[in-house]
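User: Hi, I have a protein model open and I'd like a quick tour. Can we go through it bit by bit?

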Amino acid sequence: DKLINYVPEYSNTYRGEVTIRHLLTYTAGGPQLSLLQDKTPDEVLLSAYSHELAHRPGNMFQYANAPALLLGLMVERVGRNTLDTLAQEYFFGPLKMDSTTFFPARGNSAIYRTIVPTEIEIQEEVRGIVHDESARVFAKAGKSVGHAGLFSTAPDILNFMEMLLYEGEWKGNRYFSPKIIREMSTNQIPELGESTGLGWELDQPFMGKYADAHTFGKTGFTGTSCVCDIEKGVA
């Protein structure tokens with residue numbers, strides 16, 4: 001589907017060409033959101049909507065935060081709720097990911113007490129709030145976004161990984177179709193001479209020497225990372 005079907009505010013020259021698949025494969029580009037840390041949430045969104053792309057969608061792979069921000073907005077429009085609420089309803093609750101949250105300081109203070117500080121920034125400890133500068137703009141306003149800000153633990157993430165290893169099923173409940181799982185672990189952009197799965201990084205150096213063309217995962221810039229290899233049956 002086209003992004004503008006769900007986010008009609010998207011307004012650059014290629015607005016009618018950008019698809020959900022372009023966003024999931026990071027072939028749509030966008031502004032460098034980290035430069036917008038002094039903006040308001042509305043100003044950050046306006047930049048993401050109006051930024052003129054340097055290349056036609058699908059013509060170049062460029063890992064950036066803007067596509068994931070837009071994906072999060074699209075999910076909220078489809079689900080008619082906030083991203084953190086939808087994540088809790090569809091994944092974290094059913095998958096028993098009880099220590100996974102966008103807002104660890106809310107409600108369950110026991111989670112907050114286990115979080116390691118990220119850094120000292122202007123004599124203030126950054127702890128329990130997203131490190132990514134643009135995502136923090138939204139977090140301070142009480143809003144979750146698609147590109148950063150999720151807190152989790154190894155046991156919780158392993159529940160999610162186990163579900164992926166079993167082709168989208170976990171303890172009798174289905175979360176993804178086997179077809180979508182295969183797309184996650186298959187290179188979507190071989191014609192560009194790059195490698196990325198659907199929504200996941202694919203066959204990257206951080207995955208270690210045993211990774212192959214179908215090994216997928218994600219680095220957490222300041223925290224939890226994960227790697228999954230369905231063919232080897234390990235995550």
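This is a predicted model: local features need pLDDT of at least 70, side-chain atom pairs count only at pLDDT 80 or more; totals for chains, interfaces and linings use all residues.

User: Is Asp229 buried or exposed?

Analyst: Asp229 is buried, with a relative accessible area of 4%. Lys232 is partly exposed, at 44%.

User: How many salt bridges does the structure hold?

Analyst: The structure holds nine. One of them joins Arg56 and Glu17, at 2.6 Å from N to O.

User: Which parts does that pair tie together?

Analyst: Arg56 lies in the loop between helix H2 (41–50) and helix H3 (66–79). Glu17 is in the segment before helix H1 (20–24). So the pair ties together parts that are 39 residues apart in sequence.

User: And how accessible are Arg56 and Glu17?

Analyst: Arg56 is partly exposed, with a relative accessible area of 40%. Glu17 is partly exposed as well, at 34%.

User: What about Lys179, which residue does it form a salt bridge with?

Analyst: Lys179 pairs with Glu183, and the closest N and O atoms are 3.6 Å apart. Both sit in helix H8 (residues 178–184). They are four residues apart there, so about one helical turn separates them.

User: Buried or exposed, for Lys179 and for Glu183?

Analyst: Lys179 counts as exposed, at 51% relative accessibility. The cut-off for exposed is over 50%. Glu183 counts as buried, at 16%.

User: Let's switch to aromatics. How many aromatic pairs are there?

Analyst: The structure holds five aromatic pairs. In one of them, the ring centres of Tyr26 and Tyr63 are 4.6 Å apart. Their planes meet at 40°, so the pair is tilted.

User: Where do Tyr26 and Tyr63 lie?

Analyst: Tyr26 is in the loop between H1 and H2. Tyr63 is in the loop between H2 and H3. So the pair ties together parts that are 37 residues apart in sequence. Tyr26 is buried, with a relative accessible area of 10%. Tyr63 counts as partly exposed, at 40%.

User: Which helices do Phe91 and Phe160 lie in?

Analyst: Phe91 lies in helix H4 (residues 83–92) and Phe160 in helix H7 (residues 154–165). So this pair ties together parts that are 69 residues apart in sequence. Phe91 is partly exposed, at 22% relative accessible area. Phe160 is buried, at 15%.

User: Which residues form one aromatic cluster?

Analyst: Phe91, Phe160, Tyr175 and Phe176 do.

User: What lies over the face of Tyr112?

Analyst: Arg127 does, at 5.3 Å from the ring centre.

User: New topic: H3. How many of its residues are buried?

Analyst: H3 is mostly covered, with 10 of its 14 residues buried. Among them are Ala66, Leu69, Leu73, Met74 and Glu76.

User: What covers the buried residues of H3?

Analyst: The cover includes H1, H2, H4 and helix H6 (133–139).

User: What span should H3 have?

Analyst: At 1.5 Å a residue, its 14 residues should span 20 Å. The end C-alpha atoms of H3 are 20 Å apart, which agrees.

User: What comes just after H3?

Analyst: Arg80 takes a positive phi there, of about 55°.

User: Last topic, the strands. What is the order in the open sheet?

Analyst: The order is S5-S6-S7, and the pairing is antiparallel.

User: Which strands stand at the edges?

Analyst: Strand S5 (201–202) and strand S7 (226–228) do. Each has a single partner strand, so one side of each is left without a neighbour in the sheet.

User: How many bridges join S6 to S7?

Analyst: Three bridges join strand S6 (residues 216–218) to S7.

User: Which residue in S7 is the bridge partner of Lys218?

Analyst: The partner of Lys218 is Cys226.

Key
Residues are numbered from 1 along each chain as its sequence is written. Side-chain values use heavy atoms; hydrogens and water are left out. A salt bridge is a side-chain nitrogen of Lys or Arg within 4 Å of a carboxyl oxygen of Asp or Glu. Helices (H or I, at least four residues) and strands (E, at least two) are DSSP runs, numbered from the N terminus. Buried means under 20% relative accessible area, exposed over 50%, partly exposed in between (1.4 Å probe, protein chains only). Rings of Phe, Tyr and Trp (its six-membered ring) pair if their centres lie within 6.5 Å; planes under 30 degrees apart count as stacked, over 60 as edge-to-face and the rest as tilted. A charge sits over a ring if NZ of Lys or CZ of Arg is within 6 Å of the ring centre and within 35 degrees of the ring normal. The expected span of a helix is 1.5 Å times one less than its number of residues. Contact means heavy atoms within 4.5 Å. Two strands pair if DSSP finds at least two bridges between them.
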